[in-house]
Amino acid sequence: YSVLTEDELKRALHDSSVDLARTVLLEAELPPEDRPEAAAHPSAMGRVSVRHYRDTFVEIEVDAPGRRILVLGDAHYPGWTAAVDGAPARLVRADYAIRAVPLPAGRHVVTFHYRPWSVRLGAILSLGALAVLATASFVARSRAIWFDLAAPPR
């Protein structure tokens, strides 16, 4: 992997000076425990198998002979989260625009979920509006019943 500034990253992508099949371009240094080990040969990079691929969910099985970075050629966008073997994982932006996850050596199941804050906020606001309408409806009915009971008999 290489760590480049945004301008260096754009230049490297435009002039094709980096073999993106073997090198991941990052904007910030990874912590030591997440830094990938270089594969001696392309066959030593590991195996990857996509189990599920949907709009908001991706599941990938990985067999990594050493620490690696799994690069998924999908857009890095706010709202995406990653997990490795069910535990939350660091999601990084690689090659300027795509998602990547640092992995320890071994067999792992990596999942990506899309849960944007805007959808959660919309759900909360909708539930709040529904609660207000239900309360207003209940209060209006209660008042109508109370006024019927309080009215003098005819």
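Predicted model: local features only at pLDDT ≥ 70, side-chain atom pairs only at ≥ 80, totals over all residues.

Reader: What makes the contact between glutamate 59 and arginine 51 a salt bridge?

Author: The closest N and O atoms of glutamate 59 and arginine 51 are 3.5 Å apart. The cut-off is within 4 Å, so the pair qualifies as a salt bridge. The structure holds 11 salt bridges.

Reader: What does the salt bridge of arginine 51 with glutamate 61 tie together?

Author: These two side chains meet at 3.0 Å, N to O. Arginine 51 lies in strand β3 (residues 47-53) and glutamate 61 in strand β4 (residues 57-64), so the pair ties together parts that are 10 residues apart in sequence. Glutamate 61 is partly exposed, at 22%.

Reader: Which parts does the pair of glutamate 61 and arginine 107 tie together?

Author: The N to O distance in this salt bridge is 2.6 Å. Glutamate 61 belongs to strand β4 and arginine 107 to strand β10 (residues 106-114), so the linked parts are 46 residues apart in sequence. Arginine 107 has 52% relative accessibility; exposed means over 50%, so arginine 107 counts as exposed.

Reader: Which residues do salt bridges with shared partners join into one network?

Author: The network consists of Arg47, Arg51, Glu59, Glu61, Asp63 and Arg107.

Conventions. Residues numbered from 1 in each chain as written. Heavy atoms only, no water. Helix = DSSP H or I, 4+ residues; strand = E, 2+ residues; numbered from the N terminus. Buried < 20%, exposed > 50% of the residue type's maximum accessible area, 1.4 Å probe, protein only.
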